[in-house]
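Student: Could you take me on a close look at the ligand and the part of the protein around it? I would like to see how the two meet.

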Amino acid sequence: MNDRPNELNKAAIQSQILHGKRALVVGIANEHSIAYGCARVFRELGADLAVTYLNEKAKPYVEPLAKELGASILAPCDVAQSGQLEAVFEQIRTTWGSLDIGLHSIAFAPKQDLQGRLVDSSDEGFKVAMDISCHSFIRMARLAEPLMREGGTLLAMSYHGANKVVPNYNLMGPVKAALESAVRYLAYELGDKHIRVHAVSPGPLKTRAASGLKDFDVLLTEAIERAPIGELVDIEDVGLTAAYLTTPFARRLTGTTTYVDGGLSIMA
Ligand code: NAD
């Protein structure tokens with residue numbers, strides 16, 4: 001089982017199937033981020049990258065990764081700060097003039113709301129979680145549309161807790177459900193422009209965002225025990241699936257939620 005993925009990866013990399021494609025990646029915090037796994041695969045397959053960092057505190061962690069990835073654009077982007085996402089797209093417009101891939105790999109909820117029951121979630125906490133984790137993807141799609149004149153792919157990261165009750169996922173469940181629904185409506189609205197929109201739904205991965213969930217280690221242990229493939233997924237697995245969705249191999253696919261979870265979600 002072990003060398004097969006490497007062999008597949010080598011063949012994929014040699015294909016350089018994303019050569020000449022321009023990809024915006026929002027959501028790299030560090031080398032464990034799912035967004036970093038996606039950016040690495042996009043780059044290995046030949047894409048040119050625009051990478052964002054949350055703020056000055058995050059920059060020292062993201063900048064070296066952006067350099068290693070040879071990113072053409074590195075820009076700050078806190079989607080909760082008005083004008084920052086727009087500024088990123090303006091930089092893409094002036095530097096590249098077009099965009100092929102937009103990856104949204106961000107989520108946030110205030111700790112008290114994230115770790116409490118949904119029933120107790122605050123107005124403000126729910127609004128913030130929805131704005132950063134869902135509505136910002138809609139805004140991204142709106143800004144990407146005029147730059148995707150030749151079509152393109154927009155991707156957002158979801159989680160199984162959108163569809164089934166996962167203990168301790170709390171208010172992020174309905175927020176991710178809204179995100180997956182938004183993916184379908186955006187796919188419908190942008191389909192005639194050949195802009196395809198997908199959610200990717202990874203199994204549990206040890207990242208900074210995940211460490212905010214109560215008893216996250218239990219989810220990791222259960223994933224190994226219960227997933228048919230019997231191993232945790234890694235950020236490269238997610239990157240390979242994300243990359244596939246952007247290629248002509250997936251040209252007639254849109255509006256899906258694609259699980260990258262070793263089959264965990266099929267289990268009762
Ligand atoms: P991560 O902590 O590496 O990434 C989360 C990112 O969200 C960070 O880069 C952070 O800067 C960004 N972010 C938070 N608030 C922001 C804001 N206001 N503006 C811009 N960016 C902001 O963790 P991750 O696990 O890689 O998370 C990426 C995505 O994957 C999230 O949507 C998460 O819900 C989803 N996901 C994670 C898992 C998992 O187990 N780790 C599983 C399924 C889905």
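Tutor: Happy to! Let's begin with Ile34, which has a backbone N or O atom 2.9 Å from an oxygen atom of the ligand. That is a polar contact, meaning a pair of N or O atoms within 3.5 Å. The protein covers 93% of the 820 Å² of accessible area that the ligand has on its own, with areas from the Shrake-Rupley method and a 1.4 Å probe.

A word on the source: this is a predicted model, where local features need pLDDT of at least 70 and side-chain atom pairs count only at pLDDT 80 or more, while totals for chains, interfaces and linings use all residues. Residues are numbered from 1 along each chain as its sequence is written, and side-chain values use heavy atoms, leaving out hydrogens and water.

Back to the backbone: a polar backbone atom of Gly27 is 2.9 Å from an oxygen atom of the ligand, and one of Ala29 is 3.4 Å from a ligand oxygen atom.

Now widen the view. The ligand is surrounded by 28 residues, and the closest are Ser33, Asp78, Ser158, Leu205 and Thr207; to be counted as near, a residue needs a heavy atom within 4 Å of the molecule. This shell divides into 19 nonpolar, 6 polar and 3 charged residues. Here Ala, Val, Leu, Ile, Met, Phe, Trp, Tyr, Cys and Pro count as nonpolar, Asp, Glu, Lys and Arg as charged, and the others, Gly among them, as polar.

How values were computed:
Polar contact = N/O pair within 3.5 Å; in protein donor to acceptor, adjacent residues only side chain to side chain.
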